[in-house]
Structures are given as structure tokens and as C-alpha cells.
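Below is a short note for a colleague who has not looked at this chain before. Please read the numbered points with the structure open.

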Amino acid sequence: MRFIDIAFILPPAGFDQKAAEAQADGDENIGNHSDVWRDCKPNLKQASFDKCYYCEMKDIRSDGTVDHYRPKSKYKWAAFRLDNFRFACTFCNSRRTDQKTGEIGGKGAGFPLFEGCEPATCDDEICNEIPLLLDPCNAADPDALDYRTDGVMVPTSENDANPQMVRAMTSIEAYHLNHSDLQEARRRAAIEIQEKITEAESLMKRFSDGDLSAKQAYTSAVRDLKRRLDQRAELSVFSKRVLQAYKNKPFVEQILAAD
Ligand SMILES: [Zn+2]
């Protein structure tokens with residue numbers, strides 16, 4: 001999960017009027033105005049370079065969906081608010097079973113809150129509500145998630161009295177962030193990054209030893225590693241985590257410092 005600054009996402013032309021009219025049509029008719037959020041999809045998608053806000057993958061087999069962070073079924077007042085829309089893949093957004101593990105995940109219409117919190121009934125009450133689901137559009141939330149280099153996502157904090165740890169645990173399950181396909185994609189990325197680091201290190205040594213023909217290949221290997229961290233790349237946050245394990249190598253430290 002990578003922070004997406006929703007403040008910079010532009011609404012499509014005529015959005016405010018269309019959203020106001022849809023809201024005024026009544027709670028029972030929300031489903032008849034799905035074009036309001038669908039029209040926002042291109043801009044939402046562009047903000048994350050076509051990646052799902054939750055898992056950082058591009059689902060090339062589907063067009064993705066507009067998820068309501070606060071579900072429209074429970075938060076009818078937030079059904080047509082741009083700041084409630086997230087671009088999501090169907091794996092993170094919809095309830096489905098992982099065929100390999102049998103585990104069920106995906107957000108669906110769930111939106112659990114910390115005990116004692118009441119669901120916000122309007123925008124002004126959001127500050128009183130502590131959702132258990134991490135929000136990619138909240139700058140502090142993606143940092144609650146960490147990764148093992150074998151591709152398994154874990155909470156950053158190991159202290160279960162830390163609210164961010166509880167939120168991370170809940171979110172990993174709710175967004176299906178340890179779906180077996182996703183874990184496998186991360187595991188493969190980690191292997192490729194580790195191989196590229198070894199290759200770069202070997203080329204750098206050859207270059208240092210006077211083999212000038214190694215310079216171009218070394219530059220290409222560093223470029224490939226930098227591309228992994230780019231905000232346009234899938235799994236960029238995970239890739240950064242993998243590289244951080246090698247920051248004792250000066251060239252890796254430089255790559256991380258430039259990110
Ligand atoms: Zn996803």
C-alpha cells in the first residue's frame with residue numbers, strides 16, 4: 001500500500017452538480033447513480049498509475065472498480081463524495097475465496113470500527129470515528145504495513161496494544177493482502193531484486209578492477225533496481241523493503257537515498 005494524495009485528484013467535468021442531484025434523489029436510489037463514481041475512475045486510476053490503491057498491483061484482466069472506502073450501503077451521505085472513492089482491484093474490493101488456501105478475503109461492504117466508536121453520520125463526525133481498515137489516502141496508514149522478504153505482509157508494529165497494529169491485522173485480512181497469488185508475486189519480485197543486486201555488485205567489482213566493458217551493464221542493473229522503486233511500478237513499497245535489507249551495500253544505499 002502506497003499513500004495516494006486524494007487532494008490532487010480532479011473530479012470529472014460537471015461532477016459537483018451530478019453528485020448533488022444523485023444525493024438529492026434519495027438514499028433508496030443510490031444504486032441508480034453509479035455513473036457518478038464510475039465517471040471518476042479514469043482520474044482515480046491515473047493517480048496511482050493504474051495500480052490498486054490497496055495492493056499496488058495492476059489487474060490487467062479487468063478494468064478495476066471504484067471502491068467506496070466508507071461503504072455506500074452504510075454511509076449513504078458519502079456515496080457520492082470524491083474523497084470517499086478509492087481505485088481497487090476486484091481481489092481487494094470484493095469478497096472471494098482464495099482457491100489455493102480456502103481463505104475468504106476482500107473488503108465487500110464491511111467497515112469495522114474500534115470498539116466504542118459510532119459510525120459517522122456526516123463529514124464533520126469523521127474525526128470521531130476510528131476505522132479498523134487502513135486507508136491508502138491517509139498519509140500515516142500505509143506505514144502500518146510491513147513485509148517479510150518471502151512476500152508475506154505483516155503489521156509494522158509487533159505490539160498488539162498499538163492501534164495501528166490492530167488496524168494492520170484487520171486490513172491484511174479484509175483487503176486480502178496475503179492472497180496466495182499476491183504473496184507469490186512479491187516472493188518472485190524479491191528473488192529478482194536479490195539477483196539484480198548480486199549482478200550489480202559483481203559488475204561494479206569488475207568495473208573497479210579495470211574492466212571498462214562492465215560499466216554499461218552496471219548502469220543498466222542500477223536503473224532496473226531504481227525502476228522497482230518508482231511510484232509507477234507494481235509492488236514498489238515491497239521492493240523498497242527488499243532493498244532496505246541490503247542497505248549496507250553503498251550502491252543500494254544510494255538508490256534508496258535517491259528515492
Ligand atoms: Zn488490490
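1. His 176 is buried, at 6% relative accessibility; buried stands for under 20% relative accessible area, exposed for over 50%, and partly exposed for what falls in between (1.4 Å probe, protein chains only). His 176 sits in the loop between H5 and helix H6 (180–208). Its phi is positive, about 60°, although it is not a glycine. Helices (H or I, at least four residues) and strands (E, at least two) are DSSP runs, numbered from the N terminus.

2. On the source: this is a predicted model, in which local features need pLDDT of at least 70 and side-chain atom pairs count only at pLDDT 80 or more, while totals for chains, interfaces and linings use all residues. Residues are numbered from 1 along each chain as its sequence is written, and side-chain values use heavy atoms, with hydrogens and water left out.

3. The pLDDT is the predictor's confidence in each residue, from 0 to 100. Its mean over the protein chain is 92, and 98% of the residues reach 70 or more.

4. The protein chain has nine helices and six strands. Its C-alpha trace spans about 75 × 45 × 35 Å along the principal axes. Of the 259 residues, 43% are buried. Contact means heavy atoms within 4.5 Å; of the contacts with a separation of 6 or more, 64% are between residues 24 or more positions apart.

5. The chain exposes about 13,700 Å², and carbon and sulfur atoms supply 50% of that area. Accessible areas come from the Shrake-Rupley method with a 1.4 Å probe; for residues, only the protein chains shown count as cover.

6. Which side chains make polar contacts with the side chain of Arg 167? One is that of Asp 141, at 2.9 Å, and another is that of Gln 164, also at 2.9 Å. A polar contact is a pair of N or O atoms within 3.5 Å; within protein, one must be able to donate a hydrogen and the other to accept it, and residues adjacent in sequence count only if both atoms are side-chain atoms. Arg 167 belongs to helix H5 (residues 163–174) and counts as buried because its relative accessible area is 7%. Leaving aside neighbours within four places in sequence, its contacts include Tyr 69, Phe 114, Pro 131 and Asp 135.

7. Glu 56 is buried at 3% relative accessibility, and it has a positive phi of about 65° although it is not a glycine. Ser 48 is buried too, with a relative accessible area of 3%. A polar atom of the Ser 48 side chain lies 2.6 Å from the backbone oxygen of Lys 51. Not counting residues up to four places away in sequence, Ser 48 touches Ile 4, Tyr 53 and Phe 87.

8. Is Cys 89 buried or exposed? Cys 89 is buried, because its relative accessibility is 6%. Cys 89 lies in the loop between strand E2 (85–88) and helix H4 (90–93). Apart from residues up to four places away in sequence, it touches Cys 52, Cys 55, Asp 59 and Thr 65. Arg 61 is 28 residues from Cys 89 in sequence, and their C-alpha atoms are 10.0 Å apart.
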